[in-house]
Amino acid sequence: MTVYSLFENMVKSDADSVAVSFNGNNITYKKLKEESDKLAHLLQTSGVNQGDIVGLCLNRSIEMVIALLGIIKSGAAYLPLDPFFPDKRLEYMLEDSAAKFLITESSLFPKFNYYKNNFIDISEIKNVKFDKPIEDKSNEKNLAYVIYTSGSTGNPKGVQILHSSLTNFLLSMQKTPGLNADDNVLALTTLSFDISGLEIFLPLVTGARITIASREEAKDGKTLLEKIKKQKVTVVQATPSTWKMLIDSGWNEKLNIKALCGGEALSQDLAEQILNRVVELWNMYGPTETTIWSSCSKVNKGEPVHLGRPIANTQFYIVDKDLNFCPPGVPGELLIGGAGLSVGYLNKEELTKEKFIPNPFDKENKTRVYRTGDLVKLNPKMQIEFLGRIDNQVKIRGYRIELDEIENVIRKVEGVKDCAVIVKEINNDKKIVAYYTNKNKSEGEDFSSLINSIREIAIRNLPDYMIPSLIIPIENLPLTPNNKIDKKALAAKEITALVSHTSNSKPENETQKILLEIWETLLGITGIGIDDNFFEIGGHSILAAQMLADFEKQTGKRIPLAEMFTAQTIRQLAGIVEKETINLKWTPLVEIKKGESALAPLFLIHGAEGNVLLYRDLANRLNSNRTVYGLQAKGLDGKNSFNYSIEEMAEDYIPAIKSVQPFGPYNIGGYCMGGSVAYEIAIRLTARGEQVANVFLLETYNACTLDHNQLRKTRVKEKIENIKFHFDNVKSLSAKEKITFIKRKTETAIKRTGARINKLAANIGLSNKGESASHLTLTLRDLNDKAQMEYSPLKYKGKVVLLRPKASFATEPDPKFGWGDFVEGELKVYNLDNAPRGMLTEPFVKHTAQIIESELIH
């Protein structure tokens, strides 16, 4: 039997029952089978064979369940890829697994521009037709899935699970803790966490219903609780952190819920709190290598929490370092054997031999056991108690983490001499704390730059649950007598005060004082400034939900969790509460044209002169329902300091973009120098796990490929060429079009001349303060031109659309404008029927707008 054959049995008996619900949409068992058959047929006819691995990267939806069943029926194994994992991690998983196919959706295509094998857009299945039954090629001896967990080498490792193991697990779970066809199971876990297998497959092989929670709902305790009540959910599986989040959201009444709790140790105090609110509570235990859960125990009031008995066809052994049995009361390592054992780690034979060893208690030497690394003991009641780990592995919010993997990433940062990563519990919340030593010690040095570099590389390479909450510089790492890093000494260090690198601003009103007290209590540190970022000083999504719940209890005022996407400081949150417009920094964002939220907006970055007026014609020509934002240069108001590099501009503009569009896919572009800023923004967004659909380079040449000495020598010649190009543009127009074009160019020329005169007057003291401000545009242009010439872009794996004129300056000969060796994804080049400096002016802008609109995601 496989999960698919068990599911088909339910289709025969409960065809019209609802199988899956999501966002108000339902699908029956019969329809779910029909849709998954289409995908299985598409995969089989496309060349998928039994045992192949198929990547699956979809946002949470009914289609996600259809895809899982379709892959399994085709005979392949699924490889779950969380869309919110860093691109580098996803790329490694696809490469290491040698996945032959990738099923995803159009909005996620830009994340996988490097993938050279077969793409399948999930929307394609609606067009699939077949005239005979689809063969179920799933087999109990083949792989069901490959799931990647944290690895100590710096890269995750793929755990291979057979269908026979998955089926054994599901049939055992049906009996204990138990599930029946009347149940409604909440699915809130990412597919990349193996416990999602219970939430998806157990209902489907039982005839029950799945209610899918969105990623946003899963992070907000109050919203999640409302969903559980409204949808009449009867079974909820969650980590202790999520159960705590639900309780902290204001949940007090008893609900008709069977609660499953696992992924990390369940404390006695939390168990009692959950028991007061549910019908049944079960403590679940098991590593990924032995298929989801390997034991479970019903938790009763007043009784200690323990691991319970192994599930069906599973054996537990408690052994000492020599693999001898430990008597009751003596701690030892837990070995697990039986039907749930993984085949081993994909492409890691030595590690497989190390962790999956011959069963020392099998005299015939036919079976294996898995070394869990978990320290346990038998108590006087012969119950197994969990004591901790015997290695460097930890669990945080249910996720298994190898601290060595984090350390290996941090050591790659230039300037880091060495580091040590520990887990420290502060106010009942486990935090990853990274200590590092600096290669270049100097008096009075600013640590903030190196800390930001460490955080940046962590974001690029690690999932959010593995990013250190606190990054702390230390003069020397403490050592043991054997000259090893003494992590116990680090763990004993008190972290009570924060040295704020961004602000030590004090509260300015009562709301800010209340928020500060809550932050200090929750985070367990003092010295927080009202401009410090919650997520950079130890906060995470579950703590954010708790913080907002505490604030509501104290004040009666509710701040939606969604506000934390853009308001992440005390000042910003207080501004929302007081209904004030808080401008910590001058905002670069300008709404050029208001459209509808259904269409993804377009963000256009200023050119060298800093303003966004050059985009007015383009905005008018684009789809009337599309919102267009411009980003103007910092310092244009005469009050703020300038940015001196493309990198600084990109970092400044990203928060402004996310304030109106918290999540991708993003559409970003810019004219000339603005295109370089757009390119850098795209690099930074994708490094943070965001999706960028399009980068539009409008007449943007990659300046780092130019000969700067030659440019200086030919400056006069370039000005002559510039005049010639304007005449070329005029010659191709009708009489009426010539008037419009010349008018626009004359307005620009007058402004530039005025700016030059004012700047000269200011320099020799002939203008007053008000008049001298008008030459800011010229100053900005000089600075921005310099920034573009000094910009050295990294390679980019997303989609780039280059719009270039039919002719170009003599110093810019490359038809790909210097981007060919830098864009590793798709580079689309459009040659426009105008000379340089004309594509944003009527009538040429009409064609420019048509091209951009055709590339945008609707």
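Is the crossing of helix 9 and helix 10 left-handed or right-handed? Left-handed, that is, the near helix is turned anticlockwise from the far one by less than a right angle (clockwise would be right-handed).

Before going on, some ground rules. This is a predicted model, where local features need pLDDT of at least 70 and side-chain atom pairs count only at pLDDT 80 or more, while totals for chains, interfaces and linings use all residues. Residues are numbered from 1 along each chain as its sequence is written, and side-chain values use heavy atoms, with hydrogens and water left out.

**Stop 1: helices 9 and 10.** Select residues 240-248 for helix 9 and 268-275 for helix 10; they pack at about 50°, axes 11 Å apart. Helices here are DSSP runs of H or I with at least four residues, strands are E runs of at least two, and both are numbered from the N terminus. Axes are lines fitted to C-alpha atoms, for helices over the stretch in contact, with angles from 0 to 180 degrees between N-to-C directions. The pair is therefore oblique, the class left over after under 35 degrees (roughly parallel), over 145 (roughly antiparallel) and 65 to 115 (roughly perpendicular). Now show side chains: Pro-240, Trp-243, Lys-244 and Ile-247 of helix 9 touch Leu-270, Gln-273 and Ile-274 of helix 10, where contact means heavy atoms within 4.5 Å.

**Stop 2: helices 15 and 17.** Jump to 510-523 (helix 15) and 570-577 (helix 17), whose axes come within 9 Å and cross at roughly 130°. That makes helix 15 oblique to helix 17, and this crossing is right-handed. On the helix 15 side, pick out Thr-511, Gln-512, Leu-515, Leu-516 and Trp-519; they meet Ile-570, Arg-571, Leu-573, Ala-574 and Val-577 of helix 17.

**Stop 3: helix 1.** Select 3-13 and colour Val-3, Tyr-4, Leu-6, Phe-7, Glu-8, Met-10 and Val-11, which are buried (under 20% relative accessible area with a 1.4 Å probe, protein chains only). Their cover includes helix 2 (29-45), helix 3 (62-74), helix 5 (163-178) and helix 6 (196-204).

Stop 4: Switch to cartoon for an open sheet of 9 strands, ordered 2-1-10-9-11-12-13-14-15 with mixed pairing; strands pair if DSSP finds at least two bridges between them. Finally, bring back helix 3, which lies across strand 1 (18-22), strand 2 and strand 10 (209-212), at about 25° to strand 2.

Note on methods. Buried means under 20% relative accessible area, exposed over 50%, partly exposed in between (1.4 Å probe, protein chains only).
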